Amino acid sequence: MSVALNIFAVAGFFYAKSQAEMRMLDRSPVMAAARELNLSEPQKAAFEKMRNDIRRASDDIRAEMLPVRRQLLDELAKPQPDFSAADQRIDDLGDIQGKRFKAMVRAVHEFQQSLTPQQQEQFRKAMREQMTRRAMQRGRPGNDDSRQPRPR
């Protein structure tokens, strides 16, 4: 009985992890735009490499951010926080997050090199549309400047 429960617990963990990865792919404008393309086998391999590169960079960045976030929270938990130290931790988090975006941009660019010129244009257009749609869902104007932001 104990072995069966452990097996179900481990299986549940891996199932939840795979579902989280699928949700990440569904939310990503880059991944959604790439899925709209009719990719050849070599292009599918380039797409998988891009996904893996982005996932690896994201995992590395999260690991790098964790101690900095803890330091920030420790500082803010003090009765009299040192705001210059807190500001530095926030700047550090921004720098680390910047590394993630740089890695993503490079991975996306590398993937685009595997596409035909027509696919590149389709990919860029789909990515812009996905990003605009995502911004609109969050209540922020995208490329349509006539839309008013949602009141807060």
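Where does D82 lie? D82 sits in the loop between helix 3 (41-77) and helix 4 (83-112). Helices here are DSSP runs of H or I with at least four residues, numbered from the N terminus.

Before going on, some ground rules. Residues are numbered from 1 along each chain as its sequence is written, and side-chain values use heavy atoms, with hydrogens and water left out. This is a predicted model, so local features need pLDDT of at least 70 and side-chain atom pairs count only at pLDDT 80 or more, while totals for chains, interfaces and linings use all residues.

On confidence: pLDDT is the predictor's confidence in each residue, from 0 to 100. The chain averages 80, and 74% of the residues score at least 70.

With a relative accessible area of 37%, D82 is partly exposed; buried means under 20%, exposed over 50%, and partly exposed in between (1.4 Å probe, protein chains only).

L73 belongs to helix 3 and, at 56% relative accessibility, is exposed.

Now salt bridges, meaning a side-chain nitrogen of Lys or Arg within 4 Å of a carboxyl oxygen of Asp or Glu. The whole structure has 12. In helix 3, E48 and R51 are 3 residues apart, so about one helical turn separates them. Their closest N and O atoms are 3.1 Å apart. E48 is partly exposed at 34%, whereas R51 is buried at 15%.

R56 and D53 pair as well, at 2.8 Å between the closest N and O atoms. R56 is partly exposed, at 46%. Both residues belong to a network of salt bridges that links K49, D53, R56 and E110.

Last, helix 5 (residues 117-137), where K125 and E129 are 4 residues apart, about one helical turn. Their salt bridge has its closest N and O atoms 3.9 Å apart. K125 is partly exposed at 47%, and E129 is partly exposed at 38%.

Methods. Helix = DSSP H or I, 4+ residues; strand = E, 2+ residues; numbered from the N terminus.
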